[in-house]
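Biologist: I would like to go through this model residue by residue. Please show it first.

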Amino acid sequence: MCRFPCYKKEMVYMKILYCDDNLIVCEKPVGADSEKQFPQMIKDETGKEPYTVHRLDMNVGGVMVYALNKRTAAELSKAIEQGTMIKEYIACVHGLVPESGVLEDYLFKDSRKNKVFVVKKLRKGVKAAKLEYTRLNDADPSFVRIRLHTGRSHQIRVQFSSRGYPLVGDHKYGSRSELENPLLYSCKLTFPYKGEVCSFEAFPLWLSL
């Protein structure tokens, strides 16, 4: 029996969670490029040119929002800048992590290797990173729900890996699992819109395995 949760490779499709004249909230599958391929799919579906305001790695799936006009793109970008867009993730990591915690690090990205490293001091090219998490089960591997306080490249992957808990399937940061992609999913987005606080949520199939 496989020790780690497995899932079939997802087909590239577009699941719409919400859409109006200003924005569209979609569930991006693993394998879709969030800056090129997926926006083209949105354009084909809506007839409008989408504006990318945040990103997910190609090998990470989950909830994303795209603006459908410049004004909304500016509003969503402002929400990200001011920290009023809240991003939450589900991950599966090797090991049994503490029940909850806050992880804070300085991260440096080596663009040539497309890899991020934890460093000790703040210097040129280094950015502070912070997240908080809660463990959802009592087993190895651990399922964790994460709230980002900063949006750094590969942040979740490197912060857990640096503490000895690499994401299952994340070979770049130490996993030895046979899975092809890291078990990481953007499960919830919350942001201000039209005078209200809106939330959109979706969960990966592997969470129940």
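Biologist: Is cysteine 92 buried or exposed?

Modeller: First, the ground rules: this is a predicted model, where local features need pLDDT of at least 70, side-chain atom pairs count only at pLDDT 80 or more, and totals for chains, interfaces and linings use all residues. Residues are numbered from 1 along each chain as its sequence is written, and side-chain values use heavy atoms, with hydrogens and water left out. Buried means under 20% relative accessible area, exposed over 50%, partly exposed in between (1.4 Å probe, protein chains only). Cysteine 92 has 0% relative accessibility, so the residue counts as buried.

Biologist: How many disulfides does the count come to?

Modeller: A disulfide is a pair of cysteine sulfur atoms within 2.5 Å. Take cysteine 26: its closest cysteine sulfur, in cysteine 19, is 7.4 Å away, so that is too far for a bond. The count of disulfides comes to 0.

Biologist: Which residues does serine 177 touch, leaving out those up to four places away in sequence?

Modeller: Serine 177 sits in the loop between helix H3 (155-161) and strand S10 (184-193); helices (H or I, at least four residues) and strands (E, at least two) are DSSP runs, numbered from the N terminus. Serine 177 is buried, because its relative accessibility is 6%. Contact means heavy atoms within 4.5 Å. On that basis serine 177 touches His94, Val168, Gly169 and His171.

Biologist: How many aromatic pairs are there?

Modeller: Rings of Phe, Tyr and Trp (its six-membered ring) pair if their centres lie within 6.5 Å; planes under 30 degrees apart count as stacked, over 60 as edge-to-face and the rest as tilted. By this rule the count of aromatic pairs comes to 5.

Biologist: What angle lies between the planes of tyrosine 18 and phenylalanine 200?

Modeller: Their ring centres are 5.6 Å apart, and the pair is tilted, with the planes at 35°.

Biologist: How many residues apart in sequence are the parts that this pair ties together?

Modeller: Tyrosine 18 lies in strand S1 (residues 15-19). Phenylalanine 200 lies in strand S11 (residues 196-201), so the parts tied together are apart in sequence by 182 residues.

Biologist: Phenylalanine 143 and tryptophan 206 also form an aromatic pair; is that pair stacked or tilted?

Modeller: The centres lie 6.2 Å apart.

Biologist: Is glutamine 82 buried or exposed?

Modeller: Glutamine 82 lies in helix H2 (residues 70-82). Its relative accessibility is 53%, so glutamine 82 counts as exposed.
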